[in-house]
Amino acid sequence: MRVVHQASPWRALFDQHGRLNTVALDAPLQQLFSKLSSPPTSFDNAPAWHLSLVETLVHYDLPAWRISQIISDHNAWLYRRAIAQSLEEMQAQGWGTPPVDYCVLMLGSAARYESLLGPDQDNAMIIDDYPDHRHVDIDGYFQALGERFTQRLDDAGIPLCHGHVMARWPMWRKRISEWRKQLEIWSADRRVKRVQQTNILLDFSPIAGNSALAAQLGDSITAILPNASLYMDEMAALLNELPVALNRFGQLASSPRLEAPHGQAINLKLQGLLPLISAARLFCLHYGLRDIATRERLIALSHTGDGALTSAESALLIAAFERLQQLLLDQQRYNRARGQAADGWVDLRRLREDERLLLKFDLQQIRAFVQRAKSG
């Protein structure tokens, strides 16, 4: 039987008369839309729709880092929609409009616009300052808002955070002055839990409400954290908790502390991407850079003018980041097509020899970068 391979849309740009064939270019997207009973403007199992979207984008030969931005854009829309619907529902029930300004923040990979096929929900809320005697009614309003929009996201397939990093909880819902005080408390010593909580907050992106409050939070971070020497030391020390997937001989190896699904699996999220993301975050904090996305952070570090990263080093790390995202997305597509979880594990048995060699090289660059971050 003859196997017919579907042509790339880019190879169908010209028809037999040499004219641009835009219909052929649109065909994969039209095929995607035809599979949907309605446009993706509801919360109905959005992550399941993401798999169809990703397969279409792969047909356009888009790299994983660009696809992750597109997935993240849709997740951001889900956030905005969930918040808007919650506000409409509250007003219909007599809660009224928000009593003061507020800003909802996405945190983590969502804030960096680096989401893949395994969505999670990390968020926070900044509330404009108000008198203490109004705390019960004002915080009660925003607690209700946080509970409603996070539940809507959970219903949409972006699950509630098991670590409770959500605006429905008081720890992650504060007045702007309280956030400044919280940063001072978290950065006052070397307590591991406090540094971990601060690290979560450092990757934030405003998604709804008054973004000026997010800018004020950024000002507080820049003013407080780089000057907190004990905090910065512990932040660097915590990189030891994220070893890359290499043994002491520089060969690919999973950490014995991780429960791998089989002997040739490595957790590329925990042992590749997260060490790189964390080291870039630490460097940017040290240099007072406010970039959030990992690629932008690595680019910004090459422009500091005082040796943070050379252009060549930045390019190597960006290439490593992009290839790791590609390997992870490819594995997640493979898993989801078979009804399995889209997690952080990558099966080394599925990689070609050149992919293994590149992975080892990329992890070596990441390990060297992490060592630089730890040494200050």
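Tutor: Helices (H or I, at least four residues) and strands (E, at least two) are DSSP runs numbered from the N terminus. The model is predicted, so local features need pLDDT of at least 70 and side-chain atom pairs count only at pLDDT 80 or more, while totals for chains, interfaces and linings use all residues. Residues are numbered from 1 along each chain as its sequence is written, and side-chain values use heavy atoms, with hydrogens and water left out.

Student: Let's start with R281: is it buried or exposed?
Tutor: R281 sits in helix α10. Buried means under 20% relative accessible area, exposed over 50%, and partly exposed in between (1.4 Å probe, protein chains only). With a relative accessibility of 10%, R281 is therefore classed as buried.

Student: And which residues is R281 in contact with, leaving aside neighbours within four places in sequence?
Tutor: Contact here means heavy atoms within 4.5 Å. With those sequence neighbours set aside, the partners of R281 are R112, N199, L202, D203, M235 and R297.

Student: Which residues of α11 are buried?
Tutor: Helix α11 covers residues 294–301, and six of its eight residues are buried, so the rest of the structure largely encloses it. Those buried residues pack against α3 (64–92), α4, α7, α10, α12 and α13 (353–375). By name, they are T294, R295, R297, L298, A300 and L301.

Student: Now the pockets: which element gives the largest share of the lining of the largest pocket?
Tutor: On a 1 Å grid over the protein atoms alone, a pocket is an open set of points with protein on both sides within 12 Å along at least five of seven lines, a cavity is a set where a 1.4 Å probe fits but cannot get out, and lining residues have an atom within 4 Å of a point. The largest pocket is lined by 50 residues, with D120, D122, K269, L270 and L274 nearest its centre. Two or more lining residues come from each of α4 (108–112), α7, α10 (269–286) and α12 (311–337). The largest share, nine residues, is that of α10.

Student: What is the volume of the largest pocket?
Tutor: Its lining has 22 nonpolar, 17 polar and eleven charged residues, where Ala, Val, Leu, Ile, Met, Phe, Trp, Tyr, Cys and Pro count as nonpolar, Asp, Glu, Lys and Arg as charged, and the others, Gly among them, as polar. A volume is the space filled by probe spheres set on grid points, which are joined across faces, edges and corners. For the largest pocket this comes to about 1500 Å³.

Student: Which element gives the most to the lining of the second largest pocket?
Tutor: This pocket holds about 250 Å³ of space. Among its 17 lining residues, L202, I221, L289, R290 and I292 lie nearest the centre. β4 (204–209), α8 (211–224) and α10 each give two or more residues to the lining. The top contributor, with five residues, is α8.

Student: Which residues line the largest cavity?
Tutor: A search of the whole structure finds one cavity of 30 Å³ or more. The largest cavity has a volume of about 40 Å³, and its lining divides into three nonpolar, two polar and one charged. The lining residues are N75, Y79, A110, S115, D120 and I158.

Student: Last one: how far apart are the C-alpha atoms of L239 and K374?
Tutor: L239 lies in the loop between α9 (229–237) and β5 (265–267), and is buried at 5% relative accessibility. Its contacts beyond four places in sequence include V370, A373 and K374. L239 and K374 are 135 residues apart along the chain, yet their C-alpha atoms are separated by 7.0 Å.
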